[in-house]
Every structure is written in structure tokens, then in C-alpha cells.
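Visitor: I have a few quick questions about this model, if you have a moment.
Guide: Of course; let us bring it up and go through it.

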Amino acid sequence: MNLMMVVGPVLLLFIVLGFVTYAILFERKVIGWIQNRIGPNRVGPWGLLQTVADVFKLLIKEDIIPAKADESLFRLAPVIAFVPAFAVLAVIPFTEKIQFADFAVGLLYYMAISSITIIGILVGGWASNNKYALLGGMRSAAQMISYEIPLVMSVVGIIMSVGSLNLHEIVEAQQKVWFIFPQFVGFAVFLIASISELNRTPFDLPEAESELVAGYHVEYTGFRFAFFMLAEYVYVFAMASLTTVLYLGGWNAPFGLTFIPPIVWFILKFSLIVFFLFWVRATMPRIRVDQLMQFAWKVLLPLALANIFITAVFKEIPVIGKFY
Amino acid sequence: MLRTEEMLLNVGPQHPSTHGVLRLIVKIDGETIVDAEPVIGYLHRGTEKLAEDLNYTQIIPYTDRMDYLSAMTNNYAIVHATEQLMGLEIPERAEFLRVIVMELNRIASHLVWMGTYLLDIGAMSPFLYAFRDREQILNLFNELCGARITYNYMRVGGVKWDAPPGWIDKVGEFVQYMKKQMDEYHGLITGNEIFIQRTKGIGIYDRETAIQFGLSGANLRVTGVKWDLRKNQPYSIYERFDFDVPVGQTGDLYDKYLCRMQEIVESLKILEQAVEQFPEGGSTMGKVPRVLRVPEGEIYVGIESPRGELGCHIVSKGKDKPWRLKFRRPSFYNLQILPTLLKGENISNLVAILGGIDIVLGEVDC
């Protein structure tokens, strides 16, 4: 076992935690600008230590477990929600060299592991013994299961083109054309489904503030609450990375601008996706729960299936086929 | 078949979307509302009873606290009723100032409604835009009477303060600014697909139901009834101005939104004319005795507040204090239709429908 195997994941952990810290600040700043506000600017220069202060506050809070809650499940839920969020990062190829586990079914691994988080949310909602939390948890389970299907279906087009589930090979296949162009329908479906998977506006029903107060984590405080939040933002990191890898050509440089290092390209594309998520959050109202289900099953799923069909057909056409 | 159970969900009095301290006991089956019962009274202060021990000028600040989003119209309700009972003449300049502040307050109130309504259905940003523009109105009020929410501006016989120099021009500038802002709101909200999905065809009732429930304001007009007290029972100097009464067709939430937005435009029209015709000089207080002794009698006046018909009923026994004072608060009457509207709806529609009624708890509980 070489040293990198041990140090690498720890390093990634810190990078991700750093990302989460500043993604939260960045989100608040971006939304602040969009809404004619300044955003956090009191703690540290330019508000740079705001999240640090927030996390510190959460850590020193009293750890409350409601008297009627199912205590063991209540303790377990944040862990179930959080662990998969980190586990999925293993397969993401950040550059040609920086990848922790390069195995043949990377994409499948991501999809499978990320679904485990739903169990954590459902358990949290159930164990809290609170009606709002229960409704939030139920909604969340229904929503994430519904959107998982179009999410997986939308990437089938890519799998057909590349002929592999290996994320590294998927990036290699995009050296000439990024998949966002030939697979545009797939990309649109994937992006919408991934926003829903992340429980972000306009699909933030599980924690719909104005209806369910806070949804599944309404009874959580302090460190356990922080874990739920952390899981959410680590998923933002993971999902933005996956979108970059699948559709934006990963670390590949566009227009032959190869003098800029691959990792910079990755970070740029990744940041674009993250910014897009924040932008949407500041712009959109929340969709209603039944409309959400209809949208998943009646719009996204047929689109994703059509995309598979189109990909299959185009693959056989001589000239265009080479892009697919 | 699985055996399912109805669940009792307690919404409020501390809840982000009940606009204050309204409590709703909602019986739900899954996510469908079977029954809903509003519980009110958490903000009850007994204004009407307190007023019996106060002289007429002392009541005015109490009315500020009823509909705190539109305190100017509340002020007007009590002073207008008193003036009618006493048969007072109001100087023209005071009437103009009253109309200007009431219409400004109507715009401010509708802006808050629009912002919080969008917040209810999950959009954050319009709330802050609405408050940015409302701020301009509050600044104007601040300059005029030194208060931003509870103005205590009107008096029996006129208004307390004359407009400071240049104030009327500032109102004129605001009208032009606000006209431009309306385009921004329409661009941001009116065409938004999710917004349309959330509001079109939701919370519909017909004109008969609306009239039977005694609804007023935009809640009534949205069903197609062209009823606005400023037009139908003109008070103050509203006959002098040319404005329309926007009505809806379908009576759904989307219509309510359009109706209120159009009311802002109409208010801007009134303001524009009022600024133009604003009299040079003149007094802002009529001839009023030092101690207001209202002759024995009884009167009811209704005025159009942003939320509907705001009525004030005074019974006087010839003293300096009312023998009995009763306010017809539009929010209270409009709220009564809520259980009917909620039955059979999805729980996500609860906040949308409640928000659409536009209640102010200070007014419901009084």
C-alpha cells in the first residue's frame, strides 16, 4: 500500500470540506447580488469566515433529541445520509491522474451509492416523530426515486456512445466533441433530474420552508443538522463534478487551449455548473409536489427514452454517426 | 387495500407562511386536506373595547396597529367616520394629501403581498425586489410624518403635517420610477411557467360564493364583480380622478395576482393626477373644536382598503369618547372562506391559497 492511497483521500476530504465552506459563502453572496443585497460581510474580510463561524455555532449548540423520537435511528440517519455523499467522490476523475478508484462500472457505482442517501433522509424524517418531518421525508423518498430513473436513463445515451461505464473512458471519448452537443436532450434531462436529486430549488419540496417549515431535518440541531447540510453540499460538489465529466468533457481543454492545466479546466467547468445551481435557486419558485411527479414521469422519462432511441439511430448513420 | 389514517396537522401559530400568528388545524389524508379550521385570536388586543375609553384623536394610533401594512387607510376610516358624524368640512389640501398617502400605502401593501406571496410559493428574490420599492414609499412617509409603519398621520378635520417642500415632486418621481418597475415584475413573475402552474386554476370560487361570504377587495373583484368603494360609494375626492377597477375572469390565484398588480397601476394613475392637481397653499386642518364632542348618533362608513371594505361603525352618545366602536376588518371577513377553499386541496396549495387571500393578522384579530 503506497502512501498516496492514505494521504489522497484525506486530502480530498479537506478539499471537499473547503469547497463546502466556500460554496455556502459563494451561494449566499451570489444570491445576495441577484437580490440587491450585499451578502455576508461581517465575519472576516469580505465575509470569508462566515461559514466557519456558522459551523462553530452549530458545533457548540446543545444536542437535542426529542423525547418521543426513535433515538438510535435518529442518531443513525445523518450518518446514512452523509457517508454515501463522500463515497461517490471516489470514482470522479478530476484529471487524468487524480482519481481514486478507476473501475469499470464507475457511473453505475455513483448512481447506486448516491441512492443510499434517500434512506438516511427517510429514516431521519421517520425517527423525528414529527409530522412535518415525516411529510418531508416521504416527499423526499418519492421525489428522489422518481428522479433517479430519468437521471439514469439520460446517461444511457453516453454509455451507448462510449461503450463503457468507466468515467475515465467517458472523458477520453470527449476529446473532440463534448457530449453536451450530441447529447443535448440527455444533458437537459440530466441537469433537471440532478437539481431534483440535490433537493434544490425549484425542486426543494422535501425541505419546503414555506410549507413544511424545514422538512425532514426540522427536529435536528447542532452537529447532526450540520451533517445533513454537509451531505447536501457535498452532493452539489459530486453532482457538479459528474456533470462536468459526463457532458462538459471533464479536464479536456476546448479550442486546443492545452497550455492551461487540465485541473484548471475542470475547476472552471465545475464552477460554472455550481454557479448555475445557485442562479436557479435565486430565480425560480417552487414546483408543487404532484406537478413534480408528473414532470418526472410524463416529461423527463419519455424525453430520456427518446434520447436513447435517437442516439441508437444516429449511431448507424454514416457521417453523423462518428459524433455519437 | 391498505388501511390509511387521517392525520391532524397543526399549522402555526408559529409557521413561516401563516403571515403572523394564524393557526390552522388541518386534517390531512396523505397530502390531501380533508378539513381545515382557522384558529384566530392570538393577536387580539381589544382595540374596539379600548376605544370606548379613548377620545377620538387618541383612537387614531390604535388603528395604525390593525392593518399594519396599510395604516393610512385605517387612519382614514376612523377620522372619516368621525368627520361624517360631526359634519366637518375638510380643506382641499388635506384631502389631496390623504388621497396621496392612501394610494401610496395601497401600492406599498400590494408590494408586500406580492413579495410574500412569491416567498410562500418558494421564490425568494421577488420579495427583496418588492421591499426595495416599498422602501421608497416608506421613505416618503418618513419624510412626511416621521414614521415608517405606524403613521398616526390623519386627524379629525385634516392631516397632522403639511407636505415638506419638494415632497410632492418626489411623489411624482416615484410614480414614474414605479411604472418602470412594473415591467420588471411582469418580466420576472407573470410569465414564469412554474408560477403559472402553481396559481392557474387553483382556489377558484364563483361570484355568488364570494358575495355570500361577504368578501371584498381583490378577493371579490377577481370573480368579475366590479365593486370598488372608491367608485361605487365615492368618498374623499376620489370622483375627481380617472381610474379603472380591474376585475378578474376566472377567480383563481393567478387572476388575483394580475388583479392586484393592475391595482398598483391604477393607484399610480390616481397619484399622477393628484400630484398634477395638487393645490398651492391652503390649510391642512379644518376648523375643529379643541375637544371633539361628536353629536349623538350612529354612523357606518366603508372605505376601500388594499384588502377590501374597511368599515367603521361609531355609536356616539354625545361625549368626547365613542360609546361603541366597531371595525369591519376586510381580512377577518375574507379569511372565512379559507376552510371552504382548502377542502380537497393538496397540502402544498395551502400556503398558496392562504397567501392569495392576503390577510393581515393584526386586522383579523384587531
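Predicted model: local features only at pLDDT ≥ 70, side-chain atom pairs only at ≥ 80, totals over all residues.

Visitor: Start with the interface: how many residues of chain A are in contact with chain B?
Guide: On the chain A side there are 22 residues, and they are in contact with 27 residues of chain B.

Visitor: Which elements of chain A give two or more residues to that side?
Guide: Those elements are helix H8 (209–212), helix H10 (262–283) and helix H11 (289–316) of chain A.

Visitor: And what's the make-up by class on the side of chain A that touches chain B?
Guide: By class, that side of chain A has nine nonpolar and six polar residues, together with seven charged residues.

Visitor: Switching to chain B, how many helices and strands does it have?
Guide: Chain B has 15 helices and eight strands. Its radius of gyration is 21 Å, close to the 21 Å from the globule rule for 366 residues, so chain B is as compact as a globular protein of that length. Along the principal axes, the C-alpha atoms of chain B fill a box of roughly 75 × 45 × 35 Å, and buried residues make up 50% of the chain's 366 residues.

Visitor: What does UniProt list for chain B?
Guide: An unreviewed UniProt entry lists "domain: NADH-quinone oxidoreductase subunit D" for residues 120–283 and 291–365 of chain B. Residues 120–283 of chain B are 56% helix and 2% strand, with the end C-alpha atoms 45 Å apart, whereas residues 291–365 of chain B are 36% helix and 31% strand, with the end C-alpha atoms 30 Å apart.

Visitor: Back to chain A: how do helix H2 and helix H9 of chain A cross?
Guide: The axes of helix H2 (residues 50–59) and helix H9 (residues 222–247) of chain A come within 7 Å and cross at roughly 135°, which means that H2(A) is oblique to H9(A).

Visitor: Which residues make that contact?
Guide: H2(A) contributes Val55(A), Leu58(A) and Leu59(A), while H9(A) contributes Gly222(A), Phe223(A), Phe225(A) and Ala226(A). By class, the residues of this contact divide into six nonpolar, one polar and no charged.

Visitor: What does Ala81(A) touch, leaving out residues up to four places away in sequence?
Guide: With those left out, Ala81(A) touches Thr117(A), Gly120(A), Ile121(A), Gly124(A), Phe228(A) and Ala231(A).

Note on methods. Residues numbered from 1 in each chain as written. Chains lettered and ligands numbered in written order. Contact = placed C-beta atoms within 7 Å. Helix = DSSP H or I, 4+ residues; strand = E, 2+ residues; numbered from the N terminus. Nonpolar A, V, L, I, M, F, W, Y, C, P; charged D, E, K, R; others polar. UniProt positions renumbered as here; feature names shortened; annotations may be inferred. Axes fitted to C-alpha atoms, helices over the stretch in contact; angles between N-to-C directions. Parallel < 35°, antiparallel > 145°, perpendicular 65-115°, else oblique. Rg over C-alpha atoms; globule rule 2.2 N^0.38 Å. Buried ≥ 20, exposed ≤ 12 C-beta atoms within 10 Å, placed from the backbone.
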